[in-house]
Amino acid sequence: MYTIPQVEIQSDALQVLIDEREHPNDESIWLRYNDELFDLKATGKSFVNTKSNILITQSSNKSTSFQMMRFNDKFSLVFPNNYHGLKITENYNFTSIATCNDNILIGTDDGSVIKLPIPISIHPLFPIISQNIHFADIIKILRFPSNKVFLTVGLDLQIKLWSNENKDSVLKTPVRILKNEHCRRITDVGMIGRGRNIVSCGLDGKIIIWEMSSALSVWKASRIKDLNDGCTSLDIIQSENYVQSNKSNCFFDCEGKFIIVGQQSGFVTIWDCSTRLFMFEHKVSNFAISDIKCVDQGRIIIGLNNGHVLLYQIDLKVRTLELIWDTHVEVSDNLIVDIIHTEVYKGSVIVLSDNKLVRLNLKDGKLSDVYVGIDEKIFHFTILKDTLIVVGKRNLIVSINL
C-alpha cells in the first residue's frame, strides 16, 4: 500500500508569487505537509524552505503548475488557470457536471440544470437555467453517444431523459421518465452500448436494466447472498474474448458486455448483460465501495469510503479479480472518507475524494499532481479535451489545465 503525501498550500500562493515579482518585499506563504506546517519564502519562480528541504519551482511550460520536491517525494502542485462566475442571483451548490452537444451541463442541489456554452467565457456568464426539473439534488448527468440526448438522476428516485437538440432552450418536458422501481436513493447509472438500454443501481440493493423506448424496467437483480446489500456505483465493461449469444430482442447491444457493481458491503458483483446471469463476486474490503470505473477490458478502478483507490485486473473467464496497486489518497482521523469520482486520462487517473483532488499514475498508483488553490468544497468534475472543469459550492466553476 502506498500513502500519498498530504499536502495543502495557501490558496492564493500563486498571486503572492506574482505580487512578489512585481514588488519584492520578502513575502511568504504557508504549506501543510502531512502533520507539519511550514512557512515558505516566495522568490522569483519558486517557494523555498531550505531548513526543511522543501523546494517548489514553477514548471517551464505551465505557469500554473509547480514541481514540489522534498526528500524522495516529487510531484506537482497545480493551480487553476481560470475561475468562472455566473451572472445570476441564485446561490447554488453544483452537484454534478457533464458535457453534451456543445454545452456544459451542471446539476444543482435544488434539482435544476444549468447550461453553459463551450468554450466557457472568461467574462461573467449568462447561463440557461432549467429550474426544478427534479424535486431534489441532481446526482448524475449522463450524455448519450449521439450527443443529442442526456439523462438526469435525482434524489427524488427518478431518472429523466431529455432532448438537447435545441441547445439554447430551457428544458421543459422530458422525453422519458423512469420511476417507481427504486425505493431508496439511486446511486448510479450506466449506458449499455448506444443507450437503447441503461442500467441503474440504488441503496435498496436493486440493479435494474431499463428499455429506453418504453421507459420500462426489463430486468431486475440484487446481490444473491444479501438482497438488501446497497449498490453504490456501477460501470459497464466489454470483453471481446468472452461473448455469449444474446437471444432476447429486449436487450440491445448487450453481447460481450458486463455490469460491474460496487456494494456497500465491500463486494464487487459482476453480471452478464447478454444472459442476465450473475457471474461472480469478489470481496475487496470491509469498507463500502463508493466509486467504480472500468479502465479497459481488463482493469477496473475502485474507490472505497476510507480514502483508498485500488486498481484491479479482472479476468472474466477465470472469474477473478487481482489487486495491482492500492493507494491511500486521503488520510483522516475520521475513517469515513469517500472517493467521490474517478476518471481515467492519458495514462493517469484523476481522483476526487471528500477533501482532495489529485492525479495518480495509472501504472503504479503514485502521486502525480495535487490540484490546489480552490477554496470551496468540490462536488464533481468532468474532463473537456485537456481541461479539468471543477464544480462545487456557491456557483464555483474552475478550469484547470491538464
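Modeller: Count Ala, Val, Leu, Ile, Met, Phe, Trp, Tyr, Cys and Pro as nonpolar, Asp, Glu, Lys and Arg as charged, and the others, Gly among them, as polar. On that scheme, the lining of the second largest pocket splits into twelve nonpolar, eight polar and ten charged residues. Mind you, this is a predicted model, so local features need pLDDT of at least 70 and side-chain atom pairs 80 or more, while totals for chains, interfaces and linings use all residues. Numbering runs from 1 along each chain as its sequence is written, and side-chain values use heavy atoms, without hydrogens and water.

Colleague: What makes something a pocket, and its neighbours a lining?

Modeller: A pocket is an open set of points on a 1 Å grid where a 1.4 Å probe fits, with protein on both sides within 12 Å along at least five of seven lines; lining residues have an atom within 4 Å of a point. β2 (7–9), β3 (28–33), β31 (348–353) and β33 (367–371) each supply at least two lining residues here, strands being DSSP E runs of at least two residues. β2 gives the largest share, three residues.

Colleague: Why is threonine 232 called buried?

Modeller: Its relative accessibility is 16%, and buried means under 20% with a 1.4 Å probe and protein chains only, so threonine 232 qualifies. You'll find threonine 232 in strand β22 (residues 231–238).

Colleague: Which backbone atom does the threonine 232 side chain reach?

Modeller: The backbone oxygen of isoleucine 289, at 2.3 Å. A polar contact needs N or O atoms within 3.5 Å, one able to donate a hydrogen and the other to accept it, so the 2.3 Å distance is inside the cut-off.

Colleague: And what makes aspartate 188 buried or exposed?

Modeller: Buried: a relative accessible area of 8% is under the limit. Aspartate 188 sits in strand β18 (residues 186–192), and its side chain reaches the backbone nitrogen of leucine 234 at 3.0 Å. Skipping residues up to four places away in sequence, aspartate 188 touches Lys140, Val199, Ser200, Cys201, Thr232, Ser233 and Leu234; contact means heavy atoms within 4.5 Å.

Colleague: How many residues are in the largest nonpolar core, and what makes it one?

Modeller: It has 37 residues, and Ile9, Leu31 and Met68 are among those with the most contacts inside it. Such a core is a set of buried Ala, Val, Leu, Ile, Met, Phe, Trp, Tyr and Cys residues joined through side-chain atoms within 4.5 Å. Beyond four places in sequence, the contacts of methionine 68 include Val7, Leu31, Ile56, Phe75 and Leu77.

Note on methods
Helices (H or I, at least four residues) and strands (E, at least two) are DSSP runs, numbered from the N terminus. Buried means under 20% relative accessible area, exposed over 50%, partly exposed in between (1.4 Å probe, protein chains only).
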